[in-house]
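Colleague: I'm new to this one. Could you put the structure up and walk me through it?

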Amino acid sequence: MKYIELAEGISVRIEDIESVSKGEDDLTSIVKTQYNIYKSTFPYGVLLELLESNQEPEDKSREEEMNILKQIGVFSG
């Protein structure tokens, strides 16, 4: 489980985030989960980039590992 700190002392599981919208100003955003709505201290664009970068590496690294194993002929999966 990965968490992201939206504001000081407020962290949510990344997988629980349902939507992200722009906040009242350019320096904040609003994050909605199934259970609550949070005000984030991240600007909208920055928060989206952080969320996307947190999700991709695991998938890509696992895929790269499988490709390397296939190339060297050692497949364990």
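Modeller: In β4, V31 is the bridge partner of V20. Strands here are DSSP runs of E, at least two residues long, and they're numbered from the N terminus. Before we go on, this is a predicted model, where local features need pLDDT of at least 70 and side-chain atom pairs count only at pLDDT 80 or more, while totals for chains, interfaces and linings use all residues. Residues are numbered from 1 along each chain as its sequence is written, and side-chain values use heavy atoms, with hydrogens and water left out.

Colleague: How many bridges join β3 to β4?

Modeller: A hairpin takes the chain from β3 to β4 through 6 residues. Two strands count as paired if DSSP finds at least two bridges between them. β3 and β4 run antiparallel, and the number of bridges joining them is 5.

Colleague: Which strands stand at the edges of the sheet?

Modeller: The sheet is open and has 3 strands in the order β3-β4-β5, with antiparallel pairing. One side of each edge strand is left without a neighbour in the sheet, because each has a single partner strand; the edge strands are β3 and β5.

Colleague: On to the charged side chains. Which residue forms a salt bridge with E24?

Modeller: A salt bridge here means a side-chain nitrogen of Lys or Arg within 4 Å of a carboxyl oxygen of Asp or Glu. For the E24 pair, the closest N and O atoms are 4.0 Å apart, and the partner is K39.

Colleague: How many residues apart are those two, E24 and K39?

Modeller: E24 is in the loop between β3 (17-22) and β4 (29-33), whereas K39 is in strand β5 (residues 37-40). The pair links distant parts of the chain, and the separation is 15 residues.

Colleague: Is E24 buried or exposed?

Modeller: The cut-offs are under 20% relative accessible area for buried, over 50% for exposed and partly exposed in between, using a 1.4 Å probe and protein chains only. E24 has 75% relative accessibility, so it counts as exposed.

How values were computed. Helices (H or I, at least four residues) and strands (E, at least two) are DSSP runs, numbered from the N terminus.
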